[in-house]
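Dear colleague,

Please find below the structure that I am handing over to you. My findings follow it.

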2 protein chains.
Amino acid sequence: MDVISVIRAKRDRARLSDEQIDWVVDAYTRGAVADEQMSALAMAILLNGMDRAEIARWTAAMIASGERMDFSALDRPTADKHSTGGVGDKITLPLAPLVAACGAAVPQLSGRGLGHTGGTLDKLESIPGWRAALSNTEMLDVLRGTGAVICAAGDGLAPADRKLYALRDVTGTVESIPLIASSIMSKKIAEGTGSLVLDVKVGSGAFMKTLEDARELAATMVGLGTDHGVRTVALLTDMSVPLGLTAGNALEVRESVEVLAGGGPADVVDLTLALARDMLDAAGLPDADPAKALADGSAMDVWRRMIRAQGGDPDAPLPIAAERHVVPAPATGVLTALDAYAVGVAAWRLGAGRARKEDAVQAGAGVEIHAKPGAPVRAGEPLLTLHTDTPERFAYALEALEGAVTVAPEGTDFTPGPIVLDRIA
Amino acid sequence: MDVISVIRAKRDRARLSDEQIDWVVDAYTRGAVADEQMSALAMAILLNGMDRAEIARWTAAMIASGERMDFSALDRPTADKHSTGGVGDKITLPLAPLVAACGAAVPQLSGRGLGHTGGTLDKLESIPGWRAALSNTEMLDVLRGTGAVICAAGDGLAPADRKLYALRDVTGTVESIPLIASSIMSKKIAEGTGSLVLDVKVGSGAFMKTLEDARELAATMVGLGTDHGVRTVALLTDMSVPLGLTAGNALEVRESVEVLAGGGPADVVDLTLALARDMLDAAGLPDADPAKALADGSAMDVWRRMIRAQGGDPDAPLPIAAERHVVPAPATGVLTALDAYAVGVAAWRLGAGRARKEDAVQAGAGVEIHAKPGAPVRAGEPLLTLHTDTPERFAYALEALEGAVTVAPEGTDFTPGPIVLDRIA
């Protein structure tokens, strides 16, 4: 087997054979195939595609490159959720303890933000003392003790994906449905969950800009999960507007705690409950009542135990940014658009996100939203509040927000669309 | 400027701007763009193409990455030839001294073989004492003293191309007309020749398998040369059958000397004269008579001076391989096909070519051809003789020759096609 023949095959629109896929993924992980060879292959895959059988084999080869976790010794069914990434997407924070409170075990391996989308681990790290890095034993202990754990994936899971993901990030080969689907699913399947709900975002703030692309990605991932014996469901959800009223790390933790306390913005509550119902259903607990677990404080109890088990203090005050800047509504009328991508870039530029993997994030930075589409606004009254420790960034963030807001004349009839656009099982 | 935006642009079928091209070629040469980024871009170019203006700018950027030579101080016009590579293509050997004998200066920077095609430098190195590596000063001295020089290109010419060519070779990104055309022409234009004749090979033994592809490559290169003030003409020539009666290093030198002595196979003589006429015409010497220069020995005189000026002994016996194996004609009748690619691979496997850049070649190895298409053959009589120092390779070479020979019944009317298929100016 030689790598040039594999690259040429995909370049010339052939199917890759099982043997070619197994060999090239393994050889790349071992370093026998060089980065410049894999990036040429990744570009050929991005431009010429892979069929369902190729994607399945590619995913299996990435799983086989590392260890697999096993939660079968737990006394409850496991359920996991993965979001393809959006703006203000703090859903994992209330969702994991909520689903645990309803009887499932939630082993949530999460990532950090890159670009305009935030990362769950960055958000939780704004809680004083909280630790993202756990050994496999620590992770199992937290999961056994509290029902839920949110932590960083260890180096042993799908190392082929880890290496390939870093390569795609610097070679313009991220936006490929076969490569995105196999990357997500190899990690989730290796992690060993019994059931999985995918939150596939669609819209300006998401990687998938169209419902058609999102549907293809969702169907591909559901197929991969099902083929590997993981009960998998995907919700296609709107990401044209930020989720909730905050985008930023500590800002989103505060909002998540409000949801766990029985309050919080309607869209965050709705999406949390929709995902929880599908997770519980897939985990074989169709009679659980997540709305009740939010109302009676049992989800909040799991949250507090989970944060404490990972070294955090759930009662400690959250960091607040040193400086604020208010963005007023530009006109009086009805807010009809608040662009998710623009808000995501603004939060990122304020310090909530990072430009390179090695950068630190500001815990307090971000964007606070005072009105969502459908609400009346008055010219000059606060629409957004920008938070940062480094006020020289305000101008740069404001630039990102240009054109992000649309206000229609008073009396305009405008109803925002639903948060869940479709469901693929 | 950042490399990911350049890769994405070509990936998404956009034109690259002049600034993007200048920046990425320079940054790659300096090492600021990594190999894995350039290989992804090369694959995107291979699959999505470049238009004429992009190719022109890309070529100019590769020329600008290094030094340019200048032959304007010579008292004669310069003419150069480039072949896209074929099997048995020894034409440079008789051609350079022939054109010099007719009054032009021929600065012929040549390469080594890789894969199934032979390299001019490998062939000449079978002459005892001959040196391919000359300094710029030595090169000019040989050119001034004899009218022709055949040597290796120095490191200073188009270093961007040198680096990119090596990368393409290991990443499955060789077969791109924009990248092939810009690679060839950047070296030829930087070399400073005033006129250039391109021998674009078509057929099984060539990189371009179809007349359509060869015509596109030829037109692209002629356009590039013309735009840079080099009088450029391309001949499209047949490479479905090996050129002449030999493929191998010393074997081809011997055949070239026969041509310079006024003999040699008809196809080699015809192609040498056709290329010589176009080179002399482009150099402003339309009245020169290359047929006469072959007949009267003046081309042979230049050959002997040129070989001596580079340390070689034109009278020394050429190396002969230690072992021979005769391949008989499989039937009695008329030979109608002798596949160039199969003969090229056989010669390569016998030791005439190299699998990796750092391998050595055998001077005596190769294939001797006793009949060309159109000739009558008798079952069991010698059709080919294989030469090698390492007889364990015979079986491997014979495998390459399976199906390479077609013999039609006696009396079949078969006339081989012309060697020159088209001319693009």
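Which residues does B:Lys372 touch, not counting residues up to four places away in sequence? In this predicted model, the contacts of B:Lys372 are B:Val241, B:Pro242, B:Leu243, B:Gly244, B:Leu245, B:Asp267 and B:Leu335. B:Lys372 sits in the loop that connects β9 (366–369) with β10 (376–377) of chain B. Its relative accessibility is 17%, so B:Lys372 counts as buried, the cut-off being under 20%. One of the residues touched, B:Gly244, has its backbone oxygen 2.8 Å from a polar atom of the B:Lys372 side chain.

Strand β4 of chain B

Strand β4 of chain B covers residues 195–202, and eight of its eight residues are buried, so the strand is largely enclosed by the rest of the structure. In a regular strand, side chains alternate between the two faces of the sheet. In β4(B), one set, pointing one way, consists of B:Ser195, B:Val197, B:Asp199 and B:Lys201. B:Leu196, B:Leu198, B:Val200 and B:Val202 point the other way, and the residues of both sets are all buried.

β4(B) has the following strand partners:

- Strand β1 (residues 79–83) of chain B runs parallel to β4(B) and is joined to it by five bridges. B:Lys81 has B:Val197 of β4(B) as its bridge partner.
- Strand β5 (residues 231–238) of chain B also pairs with β4(B) in the parallel sense, over eight bridges. Here B:Leu198 stands opposite B:Ala234 of β5(B). Between β4(B) and β5(B) the chain passes through helix α10 (residues 211–227) of chain B, and this β-α-β crossover is right-handed.

β5(B) is itself mostly covered, with seven of its eight residues buried. It pairs as well with strand β13 (residues 420–424) of chain B, in the antiparallel sense and over four bridges. Within that pairing, B:Leu236 has B:Asp422 of β13(B) as its bridge partner.

The largest nonpolar core

In soluble globular proteins, nonpolar side chains tend to be buried together. The largest nonpolar core of this model holds 129 residues, and those touching the most other members are A:Trp58, A:Leu198, A:Val200, B:Trp58, B:Leu198 and B:Val200. Helix α3 (residues 35–48) of chain B supplies the largest share of this core, namely nine residues.

Not counting residues up to four places away in sequence, A:Leu198 touches A:His82, A:Ile184, A:Met185, A:Met221, A:Val222, A:Thr232, A:Val233, A:Ala234 and A:Leu235.

A:Thr193 lies in the loop between α9 (177–191) and β4 (195–202) of chain A. With a relative accessible area of 5%, A:Thr193 is buried. Its side chain reaches the backbone oxygen of A:Ser195 at 2.8 Å. Leaving aside neighbours within four places in sequence, A:Thr193 is in contact with A:Phe71, A:Thr78, A:Ala79, A:Asp80, A:Lys188 and A:Val230. Of the pair A:Thr193 and A:Thr78, the C-alpha atoms are 5.5 Å apart in space, although the two residues are 115 residues apart in sequence.

Finally, the domain assignment divides chain A into domain 1 (3–49), domain 2 (80–309) and domain 3 (323–408). The centres of domain 1 and domain 3 of chain A, taken over C-alpha atoms, are separated by 42 Å.

With kind regards

Notes. Residues numbered from 1 in each chain as written. Chains lettered and ligands numbered in written order. Predicted model: local features only at pLDDT ≥ 70, side-chain atom pairs only at ≥ 80, totals over all residues. Heavy atoms only, no water. Helix = DSSP H or I, 4+ residues; strand = E, 2+ residues; numbered from the N terminus. Buried < 20%, exposed > 50% of the residue type's maximum accessible area, 1.4 Å probe, protein only. Polar contact = N/O pair within 3.5 Å; in protein donor to acceptor, adjacent residues only side chain to side chain. Contact = heavy atoms within 4.5 Å. Pairing = 2+ DSSP bridges. Right-handed = clockwise from strand over helix to strand, strands pointing away. Core = buried A, V, L, I, M, F, W, Y, C linked by side-chain atoms within 4.5 Å. Domains from an automatic or database assignment.
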